Amino acid sequence: MLEEVRITGLGVINDAVLELSPGFTALTGETGAGKTMVVTGLGLLFGGRADPARVRPGAQRASVEGRLRTDPSGKVAQQVEAAGGDLDEDGTLMLTRQVSGEGRSRAFAGGRSVPVSLLTYLADDLVAVHGQSDQQQLLKPGRQRESLDKYAGGVLTEVLADYQRAYQRHRTVHADLDTLTTQARARAAEADELRAGLTEIEKLNPAAGEAAALRAEEERLANADALHAAATTAHEALLGDPTGGSDGMDAVTLLGQARRALDSVRRHDTEIDGVAGRLSEAAYLVSEVAGELASYVQGIDADPARLAAVQERRASLARIIRLFGPGGVSASINGVPVQLAAPAGAEPDAAPPAPEDSAPPDGQGALDIAGGLAAAAAHADAALWPAEPDDIAYVLEWARLAAGRVAELDNDDETIAELTAEEAELRAQVAELAGRLSRLREEAGERFADDVTAELTALAMPHARISVALTALPEPGPYGTDDVELRLASNPGAPALPLHKGASGGELSRVMLAIEVVFAGADPVPTFVFDEVDAGVGGKAAVEIGRRLAKLARLAQVIVVTHLPQVAAFADNHLVVAKSSDGSITSTSVIRLDHEGRVRELSRMLAGLEDSEFGQAHAAELLAMASEQATRD
């Protein structure tokens with residue numbers, strides 16, 4: 001229950017405090033004084049849309065603070081505590097909503113900043129606010145269906161949830177089945193194209209790292225004569241020419257002479273001993289390099305046939321890289337580009353290591369390139385051949401994904417059969433649940449119509465009759481197969497017409513109130529707020545509305561913005577919204593009236609003259625009548 005609401009900087013309200021109490025609170029005032037702005041503030045407090053244009057000129061922000069009492073162990077308290085807020089020791093909860101002139105909105109619950117959506121969620125269990133626009137909302141068939149479903153209660157809610165799950169799944173399955181059947185030709189063409197690419201890749205049987213290794217081998221074979229000559233010259237300089245005799249001027253011989261010269265004296269001086277040791281190491285290293293050069297000279301020869309084979313192989317690999325490698329014309333699978341994941345621990349730009357061995361391709365034109373690849377990888381100079389992406393790895397990843405996509409496409413017939421069976425099962429399930437919804441709505445519609453009709457009788461519409469018409473939709477929708485329409489027969493023998501045709505403005509106000517009263521019994525909330533629900537009503541009907549609101553106030557807190565003295569007379573607590581102006585700035589305040597103040601306010605509402613003797617006499621009579629009827633009821 002709301003105990004106090006403070007509104008600052010909102011519209012014509014500079015700073016106003018509403019002191020609320022249990023029962024029926026009437027809020028009255030001159031037209032334009034700001035009564036509706038009070039309802040706007042309550043709407044903001046419970047998560048309503050923030051409009052920066054409502055911020056009072058000259059104020060930095062509009063703020064609404066509400067103090068309410070709730071069950072410390074109830075759902076509202078649990079939600080606030082889950083968001084980090086706290087209730088006071090006496091079970092009081094503080095809610096705050098702020099809106100800046102720039103449109104920024106903030107919300108607080110239990111002293112903690114919270115999302116505005118939490119206030120909206122809390123409102124479902126705290127308050128029902130009905131503004132002047134809600135009557136027009138009630139004319140919409142969708143809103144009428146919501147009202148009937150809410151009245152029907154938990155059983156229909158559960159069936160509706162089951163229906164919506166089945167309905168959404170049926171829509172998904174139906175869309176997938178439609179895609180498979182209508183795009184069968186395109187999917188078959190896609191499968192054929194992927195198979196052609198896989199066949200070409202399988203024929204070449206590429207290996208990861210092969211392109212880089214072949215490039216290194218081609219470079220070596222293309223320069224075999226120059227490499228042989230350079231290695232031979234270097235070998236002779238280090239070790240001499242074994243076929244042409246030696247003049248003792250090769251590096252190994254000279255290093256040997258130097259080493260022997262120092263060996264004879266190294267024991268006499270530690271410094272020369274160290275030099276002699278390093279000279280021995282140098283002689284060993286030079287001899288080892290000379291041996292490697294000899295092996296290299298033995299192994300390198302011009303091989304035109306091998307060079308041509310390597311070049312042909314590189315051209316074949318370049319063709320599939322252009323097609324299926326990075327940025328290739330066919331490098332996507334089902335419209336998604338292939339992404340190559342980097343190996344765990346690898347640098348982002350590092351190329352994958354060349355394999356120690358490469359399997360030869362199968363079929364015609366197979367080359368025995370394993371030995372050549374290994375040799376090229378072993379002799380590649382890291383400075384000459386910097387690391388680069390392995391495009392063949394992309395091709396192999398494309399092939400892996402393409403094989404999976406072909407398997408999926410080839411499985412279309414089986415998938416279509418499975419989806420067809422599931423679609424039929426879901427269609428039957430949707431129909432069965434829709435039938436249950438219709439039956440539940442029919443049953444609830446009869447009870448709903450009887451209850452609302454009884455309320456209309458108490459609201460001075462004794463001959464009116466509400467009925468609920470269910471019309472079957474051509475096909476199931478998100479809420480079943482029912483079009484729900486509330487109809488009103490205002491008089492005996494009159495046809496039942498839709499509300500917007502069968503109800504006047506005053507009648508529609510009473511229908512709205514009757515529906516809310518019925519809801520109060522079916523799904524009560526602690527507080528009801530009505531903004532001029534009595535619009536278009538007068539005379540005896542106004543008295544009956546006030547009487548019914550007073551009866552509703554026995555079940556819940558009722559706050560009513562009204563312009564009718566007959567309604568305000570039934571209130572337990574009367575607040576008046578007063579407007580004042582200094583000529584340049586208009587301000588609004590909220591005043592709680594005592595009995596004398598109520599007489600003056602009702603006199604103003606009756607006769608337009610609060611000091612009128614006859615007006616005050618009529619107001620006092622009206623208050624006495626309301627008190628007597630409230631006691632009798």
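**Close-up views of a predicted model**

At 24% relative accessibility, Arg266 counts as partly exposed (buried means under 20% relative accessible area, exposed over 50%, partly exposed in between, with a 1.4 Å probe and protein chains only). The model is predicted: local features need pLDDT of at least 70 and side-chain atom pairs count only at pLDDT 80 or more, whereas totals for chains, interfaces and linings use all residues. Residues are numbered from 1 along each chain as its sequence is written, and side-chain values use heavy atoms, with hydrogens and water left out.

**View 1. Salt bridge between Asp273 and Arg266.** The side chains of these two residues meet at 2.7 Å, N to O (a salt bridge is a side-chain nitrogen of Lys or Arg within 4 Å of a carboxyl oxygen of Asp or Glu). Asp273 is partly exposed, with a relative accessibility of 31%. A search of the whole structure finds 31 salt bridges.

**View 2. Salt bridge between Lys75 and Asp125.** The closest N and O atoms of Lys75 and Asp125 are 3.7 Å apart. Lys75 belongs to helix α2 and Asp125 to helix α3 (residues 116-126), so the pair ties together parts that are 50 residues apart in sequence. Helices (H or I, at least four residues) and strands (E, at least two) are DSSP runs, numbered from the N terminus. Lys75 is partly exposed at 44% relative accessible area, and Asp125 is likewise partly exposed at 30%.

**View 3. Glu601 and Arg604 within helix α20.** Here the salt bridge brings the closest N and O atoms of Glu601 and Arg604 to 2.6 Å. The two residues stand three residues apart in helix α20 (residues 595-607), about one turn of the helix. Both Glu601 and Arg604 are buried.

**View 4. Leu609 in the loop between α20 and α21.** Leu609 counts as exposed, at 52% relative accessibility. Its neighbours within four places in sequence being left aside, Leu609 is in contact (heavy atoms within 4.5 Å) with Ser603 and Arg604.

**View 5. A network of salt bridges.** Glu3, Glu4, Arg67, Arg69 and Asp90 are the residues linked in this network.

**View 6. A negative surface patch around Asp86.** Glu81, Asp86, Asp88 and Glu89 form the patch (residues with over 30% relative accessible area and no salt bridge, like charges being joined within 9 Å). Asp and Glu count as negative, and the place of the charge is taken as CG of Asp or CD of Glu. Asp86 is found in the loop between α2 (75-82) and β5 (92-100). Its relative accessible area is 51%, so Asp86 is exposed.

**View 7. Thr481 in strand β12.** Strand β12 spans residues 480-489 and includes Thr481. Thr481 is buried, with a relative accessible area of 18%.

**View 8. The protein chain as the setting for the close-ups.** The chain contains 21 helices and 17 strands. Of its 633 residues, 42% are buried. Among contacts between residues at least 6 apart in sequence, 71% join residues at least 24 apart. The accessible surface (Shrake-Rupley method, 1.4 Å probe) comes to about 32,500 Å², and carbon and sulfur atoms account for 52% of that surface.

Conventions:
Patches are made of residues with over 30% relative accessible area and no salt bridge: like charges are joined within 9 Å, nonpolar side chains (Val, Leu, Ile, Met, Phe, Trp, Tyr) within 5 Å.
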